[in-house]
Amino acid sequence: SYLRVTSQINLWHKYGIKTYLYFQSFEAWHQYSEKYFASDIAKDRSGSNIPGWQYCTLMNPDPASNWGKHIIEQANRIVEKYPTIDGIFYDRMDYCYYDYAHDDGITVIDGKPAYMLGFALEKMNDTIFKIFHNQGKAVWGNGPTSLEVCKNLDGIMAEGSLANLYKTQYLGLTRPIVYLPYDKTPDETEEKLKNCLLCGAFPSVTYGDSTCQKL
């Protein structure tokens, strides 16, 4: 609820902890997307919906689409409803699939127009970043795939594999990086710290399991 989220934000601020609300523009619960934004669902070459994370469908976030307008509205509502947040954590900036249900005016595959979703994300980000930056708030992104998507991004998270960190280090030459490998043992944590040192990244808090908790 609003009161619960606000109370949590205030608690974290009391102890000097910054707060970033979760945000993304690509994925939608499949039943919701089919009901309200069917024309903006991304399709593969066979015409099937491109799946996102669990129970989600991948959307085309072009800001001119109905789905894109909805996402922009949500961003504006965040800064209005939660003015004390420090920014957003912008997840799933890694999608760059080809959407065969739409046309970006550039991409053609085997004679068929398509939409490279990284182009849509670049357009969306130009608007989203302005909304939050104009309010003095930061935007951290997870797994961006290109310099264009990274424009004006304040920080990057490299999630999961070491390969992601190796790629992200070159997108983070002028911005901070956090590495999140989900380490669960002391040996994995040591390896994480070494890789952070190698790539100039900040380490995440250890994810941990029963082994770490006993130490």
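In the predicted model, Cys199 is classed as buried because its relative accessibility is 8%, below the 20% limit applied to that class. Cys199 takes part in no disulfide, and the nearest cysteine sulfur, that of Cys196, lies 7.9 Å away. Such a bond would require the two sulfur atoms to be within 2.5 Å. Cys56 is likewise in no disulfide; the cysteine sulfur nearest to Cys56 belongs to Cys96, at 18 Å. The structure as a whole contains zero disulfides.

The largest pocket has a volume of about 460 Å³. Its lining comprises 21 residues, of which Arg92, Asp94, Asn142, Gly143 and Glu159 are the closest to the pocket centre. Strand 10 (155–159) and helix 6 (162–168) are the elements that each supply two or more residues to this lining. Classified by residue type, the lining of the largest pocket consists of nine nonpolar, six polar and six charged residues.

The second largest pocket has a volume of about 290 Å³. This pocket is lined by Trp12, Lys18, Thr19, Tyr20, Phe89, Trp140, Met157 and Val178. By class, six of these lining residues are nonpolar, one is polar and one is charged.

Helix 1 spans residues 2–14 and has 13 residues. Gly16 follows helix 1 and has a positive phi, near 75°.

Terms used. Residues numbered from 1 in each chain as written. Predicted model: local features only at pLDDT ≥ 70, side-chain atom pairs only at ≥ 80, totals over all residues. Heavy atoms only, no water. Helix = DSSP H or I, 4+ residues; strand = E, 2+ residues; numbered from the N terminus. Expected span 1.5 Å × (residues − 1). 1 Å grid on protein atoms, 1.4 Å probe; cavity = no way out; pocket = protein on both sides within 12 Å on 5 of 7 lines; lining within 4 Å. Points joined across faces, edges and corners; volume = space filled by probe spheres on them. Nonpolar A, V, L, I, M, F, W, Y, C, P; charged D, E, K, R; others polar. Buried < 20%, exposed > 50% of the residue type's maximum accessible area, 1.4 Å probe, protein only.
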